[in-house]
Structure formats: C-alpha cells, structure tokens
Amino acid sequence: MLEALWNNVDYVASVVLFCIGLYIIIAKNNLIKKFLGLNIMETAVFSFIVALGVVDGGEPPIMGPDATPPFASPIPQALVLTGIVVAVSTTALALSLIIRIYRQCGTIEADELREME
Amino acid sequence: MEVYDIRPILAPTISLVCAGMVFLVGRNKHWRRFWMLSAAVLKLVVVMSMLPGSLRGIVYVFDMIDFTPGIGIGFRADALGMFFAVVSSTLWLFTTIYAIGYMKGEGQRVRFFGFFALCVSTTVGLAFAENLLTFFIFYEMLTICTYPLVIHDETPEAFRAGRKYLTYTLIGGACILVGAVMVFDATGTLSLSQPGILSTDISYNTLALIFALLIGGFSVKAAVMPLHGWLPSAMVAPTPVTALLHAVAVVKAGAFGILRTIYNVFGVDVLEDVGFTIPLAAIAGFTIIAASLVAIFQDNFKRRLAFSTISQLSYIVLGAALLTPFAATAAIVHIANQAFPKITMFFVAGAIQRKTGKTTVHELAGIGYRMPWTMGAFSVAAMSFIGMPLFAGFITKWYLSLGALESADYWVLIVMVVSSMLNAAYFLPIIYLAFFKAPPGTEMHVDEAPPTLLVPILICAAYVIILGTTAQVPGMPFSLAEAAVHFVFGL
Amino acid sequence: MYDWAHWLPLAILTPLLGAVLTPVVSLRSRHVAVWWSLGVMTVTSVAAAMLIIRVALEGPFSYLPGGWEPPYGIELRFDEFSASVSVIVLIGWLAVLYSLRYTEWLREVPKQRIPYYYSLLLLNLGGMIGFVVTGDLFNLFVFLEILSLSSYALVAFSGEHIAEMAAFKYLLMGAISSLLVLFSIAILFGLTGSLNMADVATRLSSAESVAPAALALGMLTVGFMVKAALFPVHIWLPDAHSIAPSPISAVLSGLVVKIGILGMIRIYQIYNTAGVIDMHWLNHVLVWLGAISIVMGAFFAIFQDDIKLMLAYSTISNIGYIVMGLGLSTNFSIIGGSVHVFNHALIKATLFFAAGCLIYRTGYRTLTDLRGVGHSMPLTSIAISIGAISIVGIPPTAGFLCKWYITLGAFEAEQPFFGFALIFGALFIFIYYIRMVNAFYFQAPTHPEILEVKEAPASMLFPTLFLAGLCLVMGILGRIPLAFIEPAAQRLLAPLGG
Amino acid sequence: MKKALVAALLVLTAIPLLIGVASMPPHGDPDAPMHTHVSARYIEQGEEEAGAANIVTAVILNYRGLDTAGEVTVIFTALAAALAVLIGFPAPPKDNDGVPAAPAPLSPVVSFVVRLLAPFIVLFSVYVILNGHVTPGGGFQGGAILGGLFIALTIVLGEGRTRVLLPRRGAPWMQGAALLAFVAVGILGTALTGYFLGYPAESQHLVTELMMLVIEVGIGLGGAAIFATIFLQMEEE
C-alpha cells in the first residue's frame, strides 16, 4: 500500500491539499478565509488533473520541427485551462458577495453575521 | 353484454359543469338556482335512461385513458354501480330543492352550492368507476370536496370537526392506495369488472394485508365502530350537508367501497376459503348494537340520527360479510332502504331547527301539533328503521335474516331482533313526545315548515313506503340489486 | 446536409447568446430586456419542441459539434431523459414573463441591474438545457458551472438583507460539490482515457483497479446530492429558495434542484452499463436518505409561518420522493421518480408563482398576515389550493402519479416498508398545506386592508393559472411523460437484468 | 475543540480518497490508458486534422470547441453576476470611523515604471493572443495579461482616465466579444463542413487558421474587457 502511495505521490499531494482546503472552509470564521480555502481546494483539483497528463520524460505537445516523442497528454491541460477560468469566475462572484456583505453588515465574521439574521 | 356508451361519463360531467358554472356565475341567485336544478334533473334523466338497459343486463362501458396497461381511468355502469347511482342522483334532486329553501338566509352560498355539486359528481363517478384506481381518484376527490362543506360555518368547532374528518378520511385513503398498489402488484390488473380478480395462490398474509388495508380504509368512511369518530362531530355542518353527505354520499361511498372489495376485488369464493369475513361480520354486528345503545343517550337530535346512521350502515357491512346471495341482496338493497328514511329524518331535523330553533330531543314536546306533516314523515321513517312490514327497512331485515339462515350464522338473527328493539327505544320516545305530549304554553295552531322544505320530506317519506311495498315490481331498483347478486354469485 | 439535428446546438446556444446580448440590447432602455428574453426563450422553445418530436419518433440521437466521432470530440446526446428540456423551457418562459412586473416591483434593487437579471436567468436556463443534453463528462461540468454560478447570483439579487449571506452559503456548498464532481471526472478520465460517457462506461469495466471507480462514484453522488439538496447536505436550500425573488425561487426549486437528480441518473447510466461496482448498497443508502428527507422536509415545513420557507422545505421532501424512486431501482419506481421530476417542477412553480403574486400585492409573507386573502385574490388562492392538493398527491392531480408508481416500485422491490412510509409521509405534508388553505379562505383577516387588495396583474396571473391548470390535468394526461420515461427506464435497468 | 473535531473528521474523509488515488494507474507511465486512447490520436494527427501546431490549442478550439464556448459563457456569467450584485450599491460614506481613510500615496517610482512598461505589456499580450496555435498561449492567457494591465493602469492613472477605454455604449459589445466570435465562427463552420464549430479539412489550411485567429482575438478582447469591468465595479466608490 505504502509503495503504491509512493509512486503516485503527486496525486497524494493534491488530495492532502484538497483536505486542507476543506478544513479551512469549515473551521475558519472569517469569510475571506473561507473563500481562500475554496481557492486552495480548486488549486488542489487542478494540480491533480495536470499531474494525470504527465509522461516520464515527456515534452509539451507542440509540434515544432525539433519535437521528439513522448509528448505529455494535451487534454488535461485543456481541462485545467477551463477549470481555472471557472475558478476565476467563482472568485469574482464570491468577492462581490463579500464586498456587498461588508458594506451592508459592516462585518465579515460568520458568527457575528449569524446573530444578525 | 358490454355496450360502449358515453353516458357513464356524462353523468359525473354534468354536475362537474354545474359546479363550474355555479362557481363562475353563482353570485346571481336565479342563475345559481337554474344551474343547480337543471343539472340535478338532467343527471337523473341520464342515469334513469340507462336503467332499462341495465335491467336487461346491458353494461355501459366508457374507457377514457390508461397510463400503462392495467392502470388507467375507465367507467363501467354495471348493476351494482347503477343501483348506487340511481339512489344518489334521485336524492340529489330532492336535497337540492331542500338546500335552496334551507340556505335562504345563509352566507357563502356560491361556495356551498359549488362544492355541493362537486361532491355529487364524484359520488356518481365513484358508482361508475371501472377500476380501483378510478374508484380511488373519485374517493379522494370526495374527501377534498366535502371538507369545505363540513367547515362551512367557519366556527372554531367547525374547524376541529373538519380537521378530525380530514385526518380520519385521509388515513383511510392512504390505506386504500397502498392496498390498491398491492392488488396491482399481485394481479397486474385493477379492474372491477370480474367477480373477483385475486386468487388463493397469492400468499395468505398478503391477502390478509390487502383485505385489512382495503376494508379498513373503506370502513373509515363507512363509519364502522372503531373508526366512526368523525361522523358525530361532522354534524356541525348545515343540515343539507349532513342529510345528503353524511347520510347518503360519503358514508355510502365507504359502504359501496366495501361491497366492491368483497364482490369484485376478492370475489365470494376466495373469501369463503380464506375466511376473512368472519371477524368483519363480528365487528359489524358489534357496531349495530353499540351504536344503537349510544344513540339512546344522545340528547342532541342530529347526533342521535348520526349514531343511528352508524348502526344502519353496519347492516350493509354485515350483509356483505355473510357471503350468501340473500344477505348480498339485503346489503345492496339497504343502500336505498337506509338512504331514503335517513334523509327524511335529517330533513325533518333541519325543518324543525329552521322553524322552531329546537335542536334537542327533550324540547320536541308537542311538536306534532305544530308540524303534523313533518312529524308524520318522521314516524314513517322511524317505522322503516324499526322494521315494520310495508316499509323499506323490513325488506332488508327480512333478506338479511334469510341470508343468515342460509349461512347458518344464527347469532345474526339475535342481532336483528335486538337492533330492532334498540331502534324502537330511541325513535319511539321522539314520536311519543311529539304527538302524545301537550306542547308547552298554547302553541296549538298548525305552523308547518315552508313548502320548499316540506315537499322533499313528503316525497322521501312516500319513497320509503313505495320501496317497502313494491319491491318485486320489475321496474324498481330491487331488481337491479338482484341482477348484481346474480352476476357476483354467478347464478 | 441540413437535418433535424442542427436544432440541438441551437437549443443550447440561443439562450446563452441571448444572455450575452441582453446588456447590449438594453443599452437604450431597460424595458427592452424582458421582451428580448421572451423572444430568445420562444426560439429555444421551438428548438426544444423539434428535438422532443424527433426523440419521440426516432429515439435517442446525438450531434457531433466539430464533426469528430464520439470519443475524440464532444457528443451531444439527446435521449429520453433530455426530454425534460420541455419542462425547463416551459417554466423558463413563464418565469421570464412573470418577472416582467416582479422585477419592477423589487424596491431595493436599482433599476440598472434589471438587464443583468434577465441575462443571468437566460444563462441559468441555457446552462440547464446544456447539462441535460450533453453526453460528455467535462462538458457536463462546464454547463453545471454556468447554471450554478447564475443561481448563486440570482439568489443574491433580491434586496433582502440576508440575501447575500444565503447566497454565499449556497456558493460555498455549490462550489465544493462542483469540485467533487470535477475531481471524480478527472479520476474517471485517468482510468479510462476518454471523457465521453458511453465510452467511459464501456472502458470502465476493463479498468485494472476498482477502488478509484468506487471513489469517483462516491464523490459524484455526494456532489449531485448537494446540488439536489438531499437530506444531510440540504442546509443551504431553505434560506436560498425563500430569499430569492419568486420567479427565481420557482426556477430554483422546480428546475435547478432537479439538475442534481438528472446528474445522478447519468451516473446510474454509466455505472449500470459498466457493471464494475455492485450498486446495491448505494441504492439502499439513497432510499434511506430519500425517506429521511421526506419526513424531515415535511416535519420542518409544519413549523414555518413564512409561506416561501414552507415551500422550500416541501421541495426537500419532494426531492426525497424522487431519490427514493431512483434508489429502489425497479422499473416502476424509476418511472415514478422521473415522472415526479417533471410533475414536481410544475407544481412547485405554480406554488411559488402564486406566493409571489400574494407577496407582490399584499407585501406580507407569513400565513398569519395573509389570512383572508382568498376573498380578495380569488384566482391566486385557487392556484395555491390546486398546488397544495397536487403536492399532496390527491389523484387527479400531477402529484399522484409519482406516489402510485414509487409505491408500486417499493412492493416490486420487496421493500413494502418504504411504500408505507411514502404514503403516510404524504399525509404529513397535507397538514401544513391545509393550514395554508385554511388561512386563505376560512380565517378572519388579521390585517383588515387585505380585503381591498386587487387581484395580481395579468402578466403574473397567466403563468400561475396556466401551470395550475397543467397540474390538474397532468394527473390524467400522465401518458405523455410516461411514453418518454418508460423506454428510458428499461434501458437504464437493462444491464442489471432489471 | 470544534476545530479538533473537524480535523479528525477530515482525516477520516481523506482515507478513502487516498486509497482511491493510490490505486490509480501509476503516475507518468506512458502506456497508462490515459495516454494510449484519445490523446494518442490527438498527438499523432492533431496538427494536420486540427490545423494547429500547439495541440492544446487544437484541443481547446477544435476537438472540444463547445467546452471553450461554455467556458467563455462562464466568464460572462461571472461578469453578469458581479454586476447584478454590485451595481448601484454605493459604498458607505468614507468617514464611517470618523477619519476619512486617505488613499495610500502612490510612489512616483511605481507610476513611472507602469507607464513605461504599458506599451511593451500590450505588445506581449497581443503576441500571446495571436500565436496561440503555434506557441504556448492563447486567448485566455492574453486576455488575462491585458486585464491585469488595465487594472494596474487604473490604479496608477486613476479611474477617470482608463474608463475611456470602456465607453458606455461599446462596453457590452466588448464584453460579449468572446461568445459572439465563437458563434460566428461556429455558424461559418456549419456552412463549410455541415457541423457546428467544424473546421474545413486540410485543403483550406488558411481558412482554419483564420477562423482560429478570430476566436483567439475574441476571447482575448472579451476576457480583458470582463476583468476590467468587474474591477471597475468593485472599486466604484
């Protein structure tokens, strides 16, 4: 088991990062911190997707004159590009909401906001 | 011999359209009356037009839509369905006339008459349902339509009665739904056209569960003793509602459901080997006696009539549970023999309350002098319940006893005798108070109920006598009951 | 090579393009936005109708944007489950019409935002149509993101003071669930090398180890459970759906929540054909969660006085019905579950539209304040009563079909307990709906001025009454959705020998 | 205490994740199913079929074009969402805690450097956008650089000067440029190849290249405009 974990250490790293992000979202009180936890989780998933596409000694898949096989797989990179844009959009919306909450309730601490409801 | 015909669906749609029109255009009194009366007459004509055909054994069928094979909405006017439809549409005509007179001063009449028409359309729809699903659809719609009528006065007491009514009937409805699902799961069809679709090769306890669920669900509305709680408290509704609904439409729907389950879902021979009907007969017998006992001590006039309804209904359940041709005839015929006298009594109670404001039995002293015709009709109805010959009630008791002898259940005879005595015990004092007691003060002059109330009372009383004397005449509903029994027992 | 299939990309891109152009179109005056959105939705409805006719005639078909055969390009597969496009388009069109007057009435909302309201609504509907139609896993995720983002913003749109907090909670949970979905899509991609659902299903059985497939299944189910607001992860729904403006609550409760369900159906399609994992224990968990959702949703709804909060809780219990139907995974229960996806959308939209009319005219939200409104707003109250009757499942209405089929499915799966729980759970629901009907018709008004309130405006009343009529009729017209769902259910269960 | 409980819970959830991930096909081995199936074909015939040397751009624009169209809509959703939440919601007056928060004085060095580099950054981003299908890069990356530059300029030169870049009537068109370009090219593709977003085969290489270029520019322009508008809206006093 440990040996399997070791040769997939990149995936293990992204899983650990994923759980750290989840921990931050649940445990932290400040909305900005929760939002940053969300970003950490997103980065974890994207790192996992990119790590999927790696080939030992592979080159970026650009068909230049001196390109030599084996090439890294292009699909994960396309997926991550789309994923990053999704992350950016969620960030934009989350920040706008936080700004609005701050302007309206004067605080972005989750527990104070809960009392206000 | 099945004939494809539009009339089985035409009857419920007529009163549906009438209800719609009443809701739309009901503000104006004359339009409302016109729609109610014309719908009542039209429906009676449609139902009666099917009577000669079904007497000759023709069954009118109208298949609407089926979702998947075996589940769908269909109408079938067989003998049993026709019997119930004839009874309820004739009574709807009289009750409409009565209600128009009774509700003169009341408020919210648009809502009242709209839902009133809806209820009767569902009752006739129930009568003509071809399968258990259509039966259940109209059964639940009946509950929904009667709720606004029960809470018509909008008093807190009316709300409590309404809530109680809903809890009882909806739990009953849920049991029936689960039972219907189990029937479909076991047999793949829900049709009520054969004399019994279940068979003994289905496991014993599934059959028991189906029987318990279906009969339990229906007996909530048929007010069999343990589940009768909602009926007395529903007396809070205005009299036309209690008269038609709680004496004819709603409770009879439950009794009719029990008949359908025993005759068309299980079938007589399956029940004979499985023997579930023995406990049912016992419960019905117990209800007859206990309800009559309770009725004796009820001072409020309408509550006494309510308990008498509970005990009378169990005659039908008892008749069905005995599984012999004679008892079956008694059960089916009792739908009419109980409906007409009971509705006369409620009309009389309503007329007295409207005229003199008296609602309790002890206040009725000397009422016979003031309202001789009304109390005369009441006495006719009382005689029928006691089982005097020449009145409708006698025929049921006679055939029920014959059925009991046939199936060697001698205890039923005892129940018959005791219940007649108890009926006498709680009806005769009223007649005695009305006619043989001097009225308080000097109210000797005759002050009859207004004609719109009196006419329906007298017609119903006349019907009680006609049903009693002319049972064997070919055109009468009695022959319909016999046709139904021949079909079910395969004679 | 013009053939029918060109309607498919058109159906997805019209709402999205319409949304992008809404701010452009309403540069001159914001009132153009609503008519523009109506035009866009009409074109989409035509496209959806053509697609449904084709699937009815020829069965499932697919379209290959870019011309690449399935595993190498994206495949848009339109099967019977995608026929739920019809309800998306119907309720979408009515919601746009409904918002004509409703958005003008939202006081706290500055008027320049209204074009963005319509563009978000069109994006939401376009995202849902895309989600339902696509046959490619990653494309599913992209459309899931479009519709989720627009729903978070639409929840925050109304000026109510806690709208942003509810939207932020919804955003956090929605984003986590989308990440779970993305993570499992990546795992499936890693295991099989392709992203096309049919291809993944065939290649998954030959994947060398089962653990990642099981993990992906778990994460996908949890992800879609959050989107569908099933029992343990439903906490975001009550605030979000009650704070949102009424047309949006109708779209959210009626449609967006169903996307989670359709996602689960897609997972079932993949894992049933792959057959690599025994779905038995997952079904059991889903059935139990469905049962708890029913009871819990009904239980909480009884104590709510705010009418929209009550409707939100009743959504949770109805989702419980659908998931229980899927969890029992017998032929009839899946038919029941999928029919309820369609019918519940109609019923819940009627109820939220009618509640919106009441709030629009009287300004009150709680039942005690709304007493006696039945007399002054008869049509809206009739719509609410019809909605109440059909959500409880009284026969002729739309809600009855699902109860009948799921109970039948429960008996077919030899688990009668759930059949009983389902039917008697429904009675629970009836208690809080009868409170609503009583309050409207039969109780004296607490605010006397409620009796002079006018009936709702025509543009809000038409959608409500149209849907109410549909609810009434759908019980009897059940054949139409069933004709679509039966073959799909058979195909879903075929690999299991169902 | 709550935090410890949450940490324990998360460790518990991490275990199935780790087991699942550990038994994935080993990281980086060339004959894992991931590399042998779809991406193998992309790598071999990518350049001729899709007409782009950079296979990633080929995948984004040609093989999985609809994904990127969806992607561009997601950015627009972010814009619409941010504006729907923020428009017309003025920040409370500055002196809510008594003293007006004076903006941090901008050091002349920063403003000089930004103004000096601005043209070169623009040149670089145009290069990245236009050469997306040959060298690493593409619409999104170029758009991000342009957006970043816009934000830097707004900070340096103040909002008034840079708002001229986003005129009131023109801004919605620019924001929608990405999806409009996509749909235009898609419809052209339908005309040419009978499939939406289909690029003509090798014979007209030039046409495919041109179509790709149009989309790249559209995405770049659209992305930059959206980032700029969101920033301006957030910063609006």
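Chain C holds 19 helices and two strands. The model is a predicted one.

Me: What makes chain C agree with a compact globule?
Reply: For 498 residues, a compact globule would have a radius of gyration near 23 Å, and chain C has 22 Å, which agrees. Along the principal axes, the C-alpha atoms of chain C fill a box of roughly 70 × 60 × 40 Å.

Me: How do you know what percentage of chain C counts as buried?
Reply: A residue is buried if 20 or more other C-beta atoms lie within 10 Å of its own. Of the 498 residues of chain C, 69% count as buried.

Me: Which share of the contacts in chain C, between residues at least 6 apart in sequence, joins residues at least 24 apart?
Reply: In chain C that share is 80%.

Me: Why is chain B called as compact as a globular protein of that length?
Reply: Chain B contains 19 helices and three strands. The globule rule gives 23 Å for 491 residues, and the radius of gyration of chain B, 21 Å, is close to that value, so chain B is as compact as a globular protein of that length. The C-alpha trace of chain B spans about 70 × 55 × 45 Å along its principal axes.

Me: What percentage of chain B counts as buried, and which share of its contacts joins residues at least 24 apart?
Reply: By the criterion of 20 or more other C-beta atoms within 10 Å, 60% of the 491 residues of chain B count as buried. Among contacts in chain B between residues at least 6 apart in sequence, 82% join residues at least 24 apart.

Me: How do you know which residues form the contact of chain B with chain C?
Reply: Two residues are in contact if their C-beta atoms lie within 7 Å. The contact takes 22 residues from chain B and 22 residues from chain C. Strand E2 (59-68), helix H5 (132-150) and helix H6 (156-187) of chain B each supply at least two residues to this side. H6(B) gives the most, with eleven residues.

Me: What classes of residue make up the side of chain B that touches chain C?
Reply: This side of chain B has 18 nonpolar, one polar and three charged residues.

Me: What makes up the side of chain D that touches chain C?
Reply: In this contact, 46 residues of chain D meet 53 residues of chain C. The elements of chain D that give two or more residues include helix H1 (2-22), helix H4 (55-63) and helix H9 (171-193). The largest share, 15 residues, comes from H5(D). By class, this side of chain D has 27 nonpolar, 14 polar and five charged residues.

Methods: Residues are numbered from 1 along each chain as its sequence is written. Chains are lettered from A and ligands numbered from 1 in the order in which they are written. This is a predicted model: local features need pLDDT of at least 70, side-chain atom pairs count only at pLDDT 80 or more; totals for chains, interfaces and linings use all residues. Helices (H or I, at least four residues) and strands (E, at least two) are DSSP runs, numbered from the N terminus. Ala, Val, Leu, Ile, Met, Phe, Trp, Tyr, Cys and Pro count as nonpolar, Asp, Glu, Lys and Arg as charged, and the others, Gly among them, as polar. The radius of gyration is taken over C-alpha atoms; the globule rule is 2.2 Å times the number of residues to the power 0.38. A residue is buried if 20 or more other C-beta atoms lie within 10 Å of its own, exposed if 12 or fewer, and partly exposed in between; C-beta atoms are placed from the backbone.
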